[in-house]
Amino acid sequence: MATKKTATKKKTAAKKSAAKTPAARKKTAAKKGAAARKLPARKKTTKKKALTPAAAPSPRVENPRAHALARKIGNLLSDKKALDVVILDVRGMTSYADYFVVASGESDRQVSAMAEHVLITLKQTEDLRPIGHEGMETGQWVLLDFGEVVAHLFFTEARSHYDLEGLWADAAREKVA
């Protein structure tokens, strides 16, 4: 038994002495150094200050062409007996449109017919096509995107549910008769 202990002690001593060689020391130092290295501390973020005049929303810039298009869409909707046609002036409040035209119909077929009437008439008279349109199949909420003017045509219950006029309460309103 005594021989086994001394043999084990000799092996451990040999391992310790091998770790003291220069190459082994570099390897262990590299392992320790990698673990000890830390990423640089992140800078603390400060709270954002109030909007400066340069970062404030853009003022309402006149756009007579977009306003004329919104009025034309409103009149076309009135031709198809749309209810409560309103033009919302959202210039300076949103970046994707200057005017919203909001109208409602008494049935889903009427809403789809109103949308189709606007699309066909603007295509024929002014060679104007929408950037996109959605909801023609269901007739609950039809969206016609003409860039600066976006028309929202609702089924009556859907209009009261989504309440776009309440969402854009700060926007100037123009009623179309």
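Buried residues have under 20% relative accessible area, exposed residues over 50%, and partly exposed residues lie in between (1.4 Å probe, protein chains only). At 25% relative accessibility, Leu143 therefore counts as partly exposed. The structure is a predicted model, in which local features need pLDDT of at least 70 and side-chain atom pairs count only at pLDDT 80 or more, while totals for chains, interfaces and linings use all residues. Residues are numbered from 1 along each chain as its sequence is written, and side-chain values use heavy atoms, with hydrogens and water left out.

The chain holds 6 helices and 6 strands. Helices (H or I, at least four residues) and strands (E, at least two) are DSSP runs, numbered from the N terminus. From that end, the order of elements is α-α-α-β-β-α-β-β-β-α-α-β. Of the 177 residues in the chain, 32% are buried. The accessible surface comes to about 12,800 Å², and 58% of it belongs to carbon and sulfur atoms. These areas come from the Shrake-Rupley method with a 1.4 Å probe; for residues, only the protein chains shown count as cover. Contact means heavy atoms within 4.5 Å. Among contacts between residues at least 6 apart in sequence, 61% join residues at least 24 apart.

The 6 strands form an open sheet with mixed pairing, in the order 3-4-5-2-1-6. Strand 3 (132-134) and strand 6 (172-175) are the edges, each pairing on one side only. Neighbouring strands are turned by 15 degrees against each other on average, direction ignored. Two strands pair if DSSP finds at least two bridges between them. Strand 1 and strand 6 pair in the antiparallel sense over 4 bridges. Ile87 has Glu174 in strand 6 as its bridge partner.

Helix 3 lies across strand 1, strand 2, strand 5 and strand 6, and runs at about 5 degrees to strand 2. Helix 4 lies across strand 2, strand 3, strand 4 and strand 5, at about 160 degrees to strand 5. Axes are lines fitted to C-alpha atoms, for helices over the stretch in contact, and angles run from 0 to 180 degrees between N-to-C directions.

The expected span of a helix is 1.5 Å times one less than its number of residues. For the 19 residues of helix 4 this gives 27 Å, and the end C-alpha atoms are 27 Å apart, which agrees. Buried residues of helix 4 include Met114, Val118, Leu119 and Leu122. The buried residues of this helix pack against helix 3, strand 2, strand 3, strand 4 and strand 5. Just after helix 4, Asp127 takes a positive phi of about 50 degrees.

The largest nonpolar core has 26 residues, and Ile73, Leu77, Val101, Leu144 and Leu153 have the most contacts inside it. Elements giving two or more residues to this core include helix 3 (64-79), helix 4 (108-126) and strand 2 (99-105). A second, separate core of 13 residues includes Val86, Phe100, Phe154 and Ala171. A nonpolar core is a set of buried Ala, Val, Leu, Ile, Met, Phe, Trp, Tyr and Cys residues joined through side-chain atoms within 4.5 Å. Not counting residues up to four places away in sequence, Val101 touches residues including Ile73, Leu77, Val85 and Ala151.

Leu143 is found in strand 4. Leu143 and Leu153 are 10 residues apart in sequence and 6.4 Å apart in space, C-alpha to C-alpha. Not counting residues up to four places away in sequence, Leu143 touches Gly132, His133, Glu134, Val150, Ala151 and His152.
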